[in-house]
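Here is a friendly briefing to read alongside the structure.

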Amino acid sequence: MPMLEISNLHASVDNGEKPILKGLDLSVPKGEVHAIMGPNGSGKSTLSYVLTGRDGYDLTDGKVSFEGEDIGELEPEERAARGLYLSFQYPVEIPGVPTLTFIREALNAQRKARSEDEVSAPDFMRLIREKAAILNVSMDMLKRPVNVGFSGGEKKRMEILQALVLEPRFLILDETDSGLDIDALKVVSEGVNALRSPDRAMLVITHYQRLLDYIAPDRVHVMSAGRIVASGGPELAKELEAEGYDKYVRAA
Amino acid sequence: MTVQMTLTPAETALLDALDGATGWRAATRAALENRGLPNKRDEAWKWTDLRRLTGNITETGKISIAGSREPDAKLPVTHAPTDMLPRLAGALGGEARIYTLSDGESLSLDLSASAGVGHVIYVVEVPAGVSAQVFERLSVADGGFANIAVLYRIGEGASLDRIVSTGDCPGILALSGGVDLGEGATLRQTTLTFGGKLIRLETHLAHPGAKAEAVMDAVYLLAPNRHADLTTTANISGPDGNLSQLTKGAVASHGHGVFQGKIHVEREAQRTDARMTHRALMLGERAEIDAKPELEIYADDVQCAHGNALGAIDETALFYMRQRGLPEAQARAILIRSFLAEPLDRIRDPQIRDSLLEDLVTGLEVLS
């Protein structure tokens, strides 16, 4: 059984007025990293929001199963507690809430939802120091409000840091490479690769092949007009880089 | 033609209490008979209809004052305040309590009002050069109408931190505050309110310019069926003065918040620096917030600004927090708290600051 199984997924925005996903099928087995590539407007970000349950992104047909459970009706926080994690393309600024406080409250909320004990303050500090070191994130940054005044690269590092602390079962990386220079891309990729594990899977959503040089996928899918129109091995990403999306846009 | 106004039972009871009054008290009685209690036909009260809500409160109530110390003196009120409510407090509140603060003093006053109508008037003197703090906590029982008037006189070069907090208020509270600021003096005022059946908190600042500085900050958080009205006026009469006002609010459906702020900069008040900001969150579709920020400037070399912004909770931030595992109610509470905390964070006394921030968190728990 695949970890994530999406079948015939239809989804709309604007109260069902605007269909974006039109019969999408995808399965991602445990331990694998899959990439979804596609032109702008093909529905990649919508897919990430539908999977994580954002209000306003309505599943109108089809099914999303995570570890055998239909999660289509679950609240975003319930999906998070089951281990679904979205690294945002544009991480949100939350003035007045220190990053450290935010991550600790999120971790403990998830643990509580899973009937696990809360992490004590000293244990949390040990944990976050260890993970922050992997991503070159300073304690000074962690004391600042969530993402406020951070550069694009710093925001993406914070997304991956949160993933390292929350240890989700399944990561969705939405355009994680956007806005990153080559050094930041390397640091972020190292963080992501540290999360690779036989018990975890990932969906890497990207417009460009560049990120896949650092996070090598097991499978590559091409998305166009709300569906997966081609799937293949890592060589498919190279082909897209060389030839562009034209033939898939036409095929859709 | 004079339109005869039908008096409410509350007004009739007040007139009875003023029977046989002389001097300014008699004038107060006549004005009450003529115009009634403040109501929505008065421009300054158009969003807060005190007359309607006090209508049937006729019995005499009591306002108990538990202070960290007794007043230095109790004196008859000989001069009439200007506005109707402080006039009534002066006429019917007995002798004025006078507190003269010493350097470094921290005075706390807990005023709690029973059902029925109660009046209190007190004066706080901060002599020249003295630094002090006053913490006023107010509550009014169900069926109560507490009319409280206070005058602060802050002497030359003196400094006052004033914190006002209203607790449980199923009743009606009107707090009218006058502040006379001396040259080179400092006022730092912070108000926290969760509203009541009706709460009106007024501050009228007489600001001399003259290197004096005033901060008037406020926070309101209103559950359903709670009303809070924060009204301030500031008259700046001389050059080189500073004034800064930050009011933040959040109102649930069927709650009603009012902010009225007026800054009047006289012709002589050159080089005034005055800023007024009001920002509020509507927490539900049936929330009501009315705001009226006003700047009247007669001097030509000033820096004055006002801003007023109403909005809803940032849905993107809410989703981001829920995606990380925070339940919706908790995520909302964190966002509202972080929005409202800013004025409270500026309170200098750490114990009072923490206690008000705790009250805020408790208020948010009640809301969710």
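## Briefing

B:Asp161 forms a salt bridge with B:Arg348, and their closest N and O atoms are 3.0 Å apart. A salt bridge here means a side-chain nitrogen of Lys or Arg within 4 Å of a carboxyl oxygen of Asp or Glu. This is a predicted model, in which local features need pLDDT of at least 70 and side-chain atom pairs count only at pLDDT 80 or more, while totals for chains, interfaces and linings use all residues. Residues are numbered from 1 along each chain as its sequence is written, chains are lettered from A and ligands numbered from 1 in the order in which they are written, and side-chain values use heavy atoms, with hydrogens and water left out.

**The B:Asp161 and B:Arg348 pair**

- B:Asp161 lies in strand 8 (residues 159-166) of chain B and B:Arg348 in the loop between helix 6 (328-345) and helix 7 (350-367), so the pair ties together parts that are 187 residues apart in sequence.
- Helices (H or I, at least four residues) and strands (E, at least two) are DSSP runs, numbered from the N terminus.
- B:Asp161 is buried, at 7% relative accessible area, whereas B:Arg348 is partly exposed at 49%.
- Buried means under 20% relative accessible area, exposed means over 50%, and partly exposed is in between (1.4 Å probe, protein chains only).

**Other salt bridges**

- Salt bridges that share partners join A:Asp55, A:Glu75, A:Glu77, B:Arg322, B:Glu328 and B:Arg332 into one network.
- The count over all chains comes to 37 salt bridges.
- In chain A, A:Glu116 pairs with A:Arg114 in a salt bridge whose closest N and O atoms are 3.2 Å apart.
- A:Glu116 is partly exposed, with a relative accessible area of 33%, and A:Arg114 is partly exposed at 31%.
- In chain B, B:Glu43 and B:Lys46 form a salt bridge, with 3.2 Å between the closest N and O atoms.
- B:Glu43 is partly exposed at 48% relative accessible area, and B:Lys46 is partly exposed at 31%.

**A positive patch on the surface**

- B:Lys40, B:Arg41, B:Arg52 and B:Lys197 gather in a surface patch of positive charge.
- Patches are made of residues with over 30% relative accessible area and no salt bridge; like charges are joined within 9 Å, and nonpolar side chains (Val, Leu, Ile, Met, Phe, Trp, Tyr) within 5 Å.
- B:Lys40 sits in the loop between helix 2 (23-35) and helix 3 (50-54) of chain B.
- B:Lys40 is exposed, with a relative accessible area of 54%.

**Positive phi angles**

- A:Glu175 has a phi near 50°, a positive value in a residue other than glycine.
- A:Glu175 belongs to the loop between strand 9 (170-174) and helix 7 (182-194) of chain A, and A:Glu175 is buried, at 9% relative accessible area.
- B:Asp240, also a residue other than glycine, has a positive phi near 65°.
- B:Asp240 is in the loop between strand 13 (227-236) and strand 14 (242-251) of chain B, and B:Asp240 is partly exposed at 26%.

**Cysteines**

- B:Cys169 is buried, at 1% relative accessibility, whereas B:Cys304 is partly exposed, with a relative accessible area of 22%.

Notes
Areas by Shrake-Rupley, 256 points an atom, 1.4 Å probe, with all protein chains shown as cover. Lys, Arg positive; Asp, Glu negative; His and termini not counted. Charge placed at Lys NZ, Arg CZ, Asp CG, Glu CD.
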